[in-house]
Structures are given as C-alpha cells and as structure tokens.
Amino acid sequence: MKTLLKSGAAALALTVAASAASAEGKLVLYHWFEYMPQEVLDKFTAETGIEVTMDTYDSNEAMLASLKAGAIGTYDLAVPGDYMVSIMAGEGLLDTIADGELKNKGNIQANWADPSFDPGRKHSIPYQWGSTSFAVNRDVYGGDIQTTDILFNPPKELSGRINMLDSQGEVLAMAALHLGIPQCSTDREQLKALNAMLVGAKQHWSSFNSDTAKEVLVSGDAAVGQIYDGFAAKAREEGANIEYAYPTQGYVAWMDNVVLLKDAPNRDSAIKFMDFLLEPENIAAVTNYAQYNAGVTGVETFLDPSLATQPEKNPHAKAGPGVFIEVCSEEVQEVYDQIWTNVKK
Amino acid sequence: MAGGAASGGSATTDTYKEARTWLLMPAWVTLSILVLAPVAMMLVYSFLTKEFRGGVIWEFSLAAYDQFFCDRGLFGDEPCTIEWTYLQIFWRSIWQAGTATLLSLAIGFPTAYFIATRPEHTRPMWVFLITIPYWVNLLIRTVSMKFLLRDQGPLNDFLINIGLIDSPIHIVNTNFAVQLGLFYSYLPFMVLPIYAAVERYNFSLSEAAADLYATKWVTLRRVLLPAVKPGVIAGCILVFVPSMGSFLAPDLLGGAKNFMIGSLIEEQFKGNAGNWPFGAAASMILMTMVLVLLLLYARQQARAEKAEG
C-alpha cells in the first residue's frame, strides 16, 4: 500500500513538474475568499504579462489540510495568518526567500519586519493585519457592548441570535480572554472551566459560520456576529446598523502574510508578485478593498481617507489588549479539540 | 444499487461468454480505481497513528476506534466508559436522514404515481420537469433555500402579509430546516425509481381488485404497494444514504451548530482537529452501517424472489 502510494505520488509529481516547466509566465495563488481585488491582479498581469490563477479557502486549517493532502507543489503562494505561518514553517511547507531576492523588502514597516511567527521574514511578507472581535446590531440592543459577555453570556435580547466564527482558534482565544486565563493553558482547572463555559454558552448561539459572517449581519439573521474588523466595516457600509466592539477583556489581533510555498511551480513569478505587493500603491489598493491595514511604509498617500477614521479601526481608550492566537502544544491541542467537539456535538 | 428485477435472459449471457472478461474490464478498472482503492486507503488509515496537524504515521494503532467508542474524559486519562458523543451524532444523522426519507416518500410516491398514470407521450415531459431544478448546483440550491426560508425572506414576508402570522417563524438554523433541505436535495432519487416501478405495474390488476369489491385503500395497500415495493425501497435507500453523509444542508440550513456524521468527518480532515485516522474510522463505521442496511435489503429481495418461485 505504502509503496503504491509513494509511486503514485511520484508519478503525480512528475506530471506536475512537466506541466510546471511549460507554465512560463503563470502564478497560482491560494488565498482567502473575498480578500483580493481583481484590479490588483489585472494590474500585475498588465505590468508583467504573468497570468494569475487563484483558488480560495475559508480557514487557515482548511488551507493547511489541503496542502498536506497533496496540494503542495500546485500553488506558488498562500496567505496564512500569523500562527499558521509558524505551523507551516514547522511542517516544512515553506520555501526560504534568499537575502536580496526581494528588492522591496525594505518597504516592510519596522514593527512587522521581524515578527515572532517568522523571525527575519524568511518565508513571508505582510499582507494585511487587523482584529477579530464582534459586531452588534444597534437596532436590537442599545446597552454596553464593550464586553465579551455579549458573546458568552449575552443579554436576553441577543440570546439565540449570535453567529460565531466556525473556527476553533478564534472562538477558544476569545473564550480564554473572557475567562481571563492564558491561551493554551495547561492548568486542568482552567481547561475544565473553559470547557464548561463554552458548552454552557452554546445555547445562546444560533449558528457557526465564517464565510457568511458578514452576510448574516447585513440580512439581520444574526444580531451579534463574531467577525473581523474590515468585514464588519463592509457590513456597516452595506446597510447594517452595527457597531464593532473592542471588549475591555481584550480581542484577537492577527496578521495575514503572503508566504512562498515549498516546491512552488512558478517561483520566479511568485517573487515578482511579492515585490509587487510590497509596493505601497498596490498593497494600498488591497487595503482599500479589504478595509484592514497594510504593513508597508508609504501606503498612507494611496489610502482611502475615510479608512483612517473608521470606527472599526480605532479601538477606544478602554479597549483591552489585542492578542495573537498562540500555537498550542500537542497535548493542549488535543484537549482543545475535545472541547470543540463537546461544543458542537 | 441492487435493482429489483434482474431479468437478463440466459441466452444473452451465453452469447458473450467468451468476451465477458474483456467486456467487463473497463468497469472493473474504473471500480477498482474509484471505489475500491479509496475505501482500502480509508480502511488502512483508520488503523494508523495520527500525526499532529493532519497526516498519518505508519504505525498500527487502534486509537481512532478507541476514541470513537471510549470516553476517557477531557484529558484522555480516565478509564474507558461508553462514549455517547459520537453515537449521539450518528443517531442525529440517522434521525434527520430518516425524516427526510419519509418526507420524500410522502411527496414522492403520489408524484411518481401521478406521472406514471399520465398518457404515455406526456410522461417524458413530467420526468424532465422533475429533473430541471437538479441541473443547478446543489450548493446554490441549498443557499437559495436559505434565502427563501430566512426570517426576512419571501416565505415569512408572504405569511405576514396575508396575516397568517404576526412575527416571522424561525426556520433557518433549526433541525426542521435541515430535514427540509435534505428532502429537497434528494427528492428526485425517490420519485424516479418509484415512477419506474409504477410504470411497469399492470393496472388491470387494480381493476381486477375493484371488480372483487376491494376498496381503493385496500387495492393500494394489498395490490399496488407490494408490486412496486422494490422501487419504493430503492428510492428510500437512494435518499437515506446520501442524506446521512450530507454536510451542506446541516452547515448552511442548520447553522453548523451540531455535528452530523458528514461534518464530524469533514472536521477531522479540514478543521483544527486534523485527526485523519479518526476521520477514516468514523467513515468506516458509517460505511459498515450502510452496507449492513443494503445487505438486509438484498436478502429481503432474494427471499421475496424465492417466495415468488
């Protein structure tokens, strides 16, 4: 069986390699849904003659699973979140960008040039950064929303009308903030409390959905939605009377990064595209579309002026800290998986 | 699918006896590559050790089956007690699929009967009409269904406008919505086999029953139903089996709040859990259940044929 699989994989690799050789001037992107404006891709094609193909995914974990199940070698670039960059590097799924290969590397903002998830930016460049918290429909609820109680212990008006992201990482990180315990805690009492709190909170939730997180707020199907800041801004612009909260207990911060994948079939095109995205004008176009923040210097002049004053981008004075999702050890991750199953069983 | 009537004349079989092996080759090769190999792979994977964050280590392990049947507490270090979690998820899926099947039968049988009793030249048109919605992708149909049923959707608007209800009925994100979605997704699989059976039915039998003073109800129950039973059972299996493994309807219409077998398995491959052997084991257990069901059906068929002589 094993040898059969191996020879099968080898045969497949050969075919892929053969088709890659003929694929001059192509770029295959593996990206989040609704995160890349077509104009930016068109502009890249116009400038370089490189044709871009894009497949999309709806969670870091789905992307990892697909790459590990054999899609590695078909894509040049992917856009994992912060913690997923370190996981992918640990799994050996990333290629290293040699010094001097990226001529625009100096454009990376100083505070993002050497992040803990990719020291020295060996595999990645910044794409967008922002926060994950939640938004509340102000037609339904007028009270204080700057607390994680809104998600886990909501007032009566909101109970049963809450959409959570269908993502273990985001939900458990938020839950840890709610309980005031560290992420990936190994303390058994804290883990038990986390389990009990989430299982109890489920009765207040109407659905788990990530890719319709914006749409359920716009349609009014949900009165509260766990959501990313830029997505909340879009929902507000589409007519939902919602307010994005920065809870006093804290919120999830994140940065998505463009990574160079191992065995990229069009490595040269990939490097060109990374350089392209490090030019302020181009990444600003992405920011104007996605409404998050770029990690590149000099973008300000190209940004839509209304973005700077957007309420979703400006935490209030009493907002808690923004924390990145941590990568748990295997033992803790097993307990986290068990908790997630208990919540969704 | 083991159909009811296996009526190929023996003469035909003999004609091609020489070439039979070769003629069957394409079918065998296709089946081996597309069915046997993946299933064998799943079976092997379910007995391997899981690799953290997806993948397998090539070491024999029963951990996946242990996880399915043994509850060892939140930290996995307590003695084994019966694990109800996954059995509960399986039961939920069976119940949802069963309800959807009954709904399909209730609507599908009269529909099939209606089509089969139309004048012969119009029947293809009716069958065609049944299949038209299924030219559209299942995902799109399920999302459309959600739009129709939502609180601010056309259905609720209509009911409020005609004054039947005052506030919207919550249908989306309930079990009922899931059943409705499954019913809608797989209805033609019920209609078509029953239609095929009813079309072959000799209606003079019904007339004979009526001549013998049988009421319409008795004729339906004792004459028509036994004659078309293979079609009904085939229809039920064709709706029930895909409903059990489905995850589109539970995710989109049920709000993904409760795992169904399909979404539980999906989570093992696509979600955080990344536990491939467990996903494979759950698939194997599901498949065993379905196979047992099909075997029971086949045995019942064989017995019925024997009884007929």
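**Entry 1: Arg303(B)**

I started by asking: is Arg303(B) buried or exposed? Arg303(B) is exposed, because I find 10 other C-beta atoms within 10 Å. The scale I used calls a residue buried with 20 or more other C-beta atoms within 10 Å of its own, exposed with 12 or fewer, and partly exposed in between, with C-beta atoms placed from the backbone. Arg303(B) sits in helix H13 of chain B, residues 276–308. Helices are DSSP runs of H or I with at least four residues, strands are runs of E with at least two, and both are numbered from the N terminus. I also looked up Arg72(B): from Arg303(B) it is 231 residues away in sequence and 44 Å away in space, C-alpha to C-alpha.

**Entry 2: confidence**

A friendly reminder to myself: this is a predicted model, where local features need pLDDT of at least 70, side-chain atom pairs count only at pLDDT 80 or more, and totals for chains, interfaces and linings use all residues. Residues are numbered from 1 along each chain as its sequence is written, while chains are lettered from A and ligands numbered from 1 in written order. Chain B has a mean pLDDT (the predictor's confidence in each residue, from 0 to 100) of 88, and 94% of its residues reach 70 or more. For the complex, I noted an ipTM of 0.81 and a pTM of 0.83 from the predictor.

**Entry 3: where B meets A**

I find 28 residues of chain B in contact with 33 residues of chain A; contact means C-beta atoms, placed from the backbone, within 7 Å. On the chain B side, helices H4 (85–116) and H12 (261–270) each give two or more residues. H4(B) brings the largest share, three residues.

Terms used. Two residues are in contact if their C-beta atoms, placed from the backbone, lie within 7 Å.
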